[in-house]
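Visitor: I have a structure open and want to learn how to read it. Where do I start?

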Amino acid sequence: MPHSDAKPQPNSVGALSTLPRRSQAKGGASPTLIPDSLPRLPVAGNLPATMADIVLTTLNAKYIHSAFGLRYLLANLGPLQSSACLAEFDINQRPIDIAEVLLARNPKIIGFGVYIWNVAPTTEVVAAIKRVRPDITIILGGPEVSYEFEQQSIVHQADYVITGEADLKFAEVCRQLLSGEKPYTKVIPAELPDFSLLTLPYDLYDDQDVAHRIIYVEASRGCPFTCEFCLSSLDIPVRAVPLPRLLEQLGAPDRPRREAIQVR
Ligand code: B12
Ligand code: SF4
């Protein structure tokens, strides 16, 4: 990727190998936004009994990757956050097992992050869920369904698709659905969110993530270049995350500072 000091850096989603986390914030309480009553789903088997109205899920490319986009959506759910949870899998798990784990939460809404690496197995997961629980509302989002969606089998099976950056739009659609209203259209374009209105999601990386997975960090969105093969060339304009807020989340003075920053 071309980089220049004078221009904004394209897609500066980086990876921190370790990061402080809010579960150790001052005050003693555990302010982690995945409620304690909804323990993180295991990646396989051993189903917890706890329920969630909204489950945000995706199949990562490998266990070591973490779903950064879903964490943005969860962080910005507002009051609905207390009835939501995150469930991450990877593409090596069997779609039927994934569907079983998701169904065990008895959700009203499941949001799937759809990417090029998971669209095939995610289609199978959605089909399995719709076969047994057609009443569960399936909302799709992510780059693989944001630009070309008409021909995609997964889109036909789902109830709604939110295209683009859904940090705030997902919450809005969930609020609508849970209050009994229906969005007017199946495909719902998300307006570009204003970073100053977004809650940053870094508190949602937990101990396990920090110890065992790649922690993604985002300094800006969009790209100033227009390489034809690349989806990010459609993400215009480039927007920077307000630096003070980002730095505060990555290393507030009362949190232990970590090293080993690895930027992709
Ligand atoms: C991290 C990453 C990976 C990781 C995987 C991460 C994981 N979780 O498993 C790795 C390194 C493995 C990877 C590999 C590849 N990647 Co990649 N990757 C990225 C990258 C750099 C960052 C993703 C990210 O965190 N973005 C930041 C978050 C905030 O944005 P987001 O994830 O898009 O989420 C937002 C929206 O999509 C939406 N959203 C997301 N989930 C959901 C869910 C719901 C319910 C809703 C409503 C909305 C929604 O809202 C979010 C908030 O705004 C992006 C580029 C980029 N800057 O996005 C490319 C990108 C996703 N990768 C891309 C590509 C092409 C690939 C490869 C095919 C490259 C290659 N040729 O090998 C491989 C495929 C790997 C495989 N096994 O097949 C493409 C697009 C693919 C696509 N159509 O999905 C991207 C967009 C790069 C590009 N500009 O072209 N990648
Ligand atoms: S358009 Fe894509 S490949 Fe080209 S500089 Fe931007 S992010 Fe990199």
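Guide: We will go from the overall fold to the ligand shell, then to a single residue. Keep in mind that this is a predicted model.

Visitor: How many helices and strands does the protein chain have?

Guide: Count secondary structure before anything else. The protein chain has 7 helices and 11 strands.

Visitor: What share of the residues is buried?

Guide: Burial is the next thing to check. Here 33% of the 264 residues count as buried.

Visitor: How do I read the contacts?

Guide: Look at sequence separation. Take the contacts between residues at least 6 apart in sequence: 73% of them join residues at least 24 apart.

Visitor: Which residues come nearest to ligand 1?

Guide: The shell around ligand 1 holds 32 residues, and G69, G111, G113, W117 and G141 come nearest. Two or more shell residues each come from α1 (68-75), β4 (109-113), β5 (137-141) and β8 (215-218). Helix α1 gives the largest share, with 5 residues.

Visitor: How does that shell divide into nonpolar, polar and charged residues?

Guide: Sort the shell by residue class. Around ligand 1 there are 19 nonpolar, 9 polar and 4 charged residues.

Visitor: Now a single residue. Where is P79 found?

Guide: P79 sits in the loop between α1 and β3 (84-90).

Visitor: How far is P79 from A171 in sequence and in space?

Guide: Compare both distances. P79 and A171 are 92 residues apart in sequence, with their C-alpha atoms 9.4 Å apart in space.

Definitions and conventions. Residues numbered from 1 in each chain as written. Chains lettered and ligands numbered in written order. Predicted model: local features only at pLDDT ≥ 70, side-chain atom pairs only at ≥ 80, totals over all residues. Helix = DSSP H or I, 4+ residues; strand = E, 2+ residues; numbered from the N terminus. Buried ≥ 20, exposed ≤ 12 C-beta atoms within 10 Å, placed from the backbone. Contact = placed C-beta atoms within 7 Å. Near = placed C-beta within 6 Å. Nonpolar A, V, L, I, M, F, W, Y, C, P; charged D, E, K, R; others polar.
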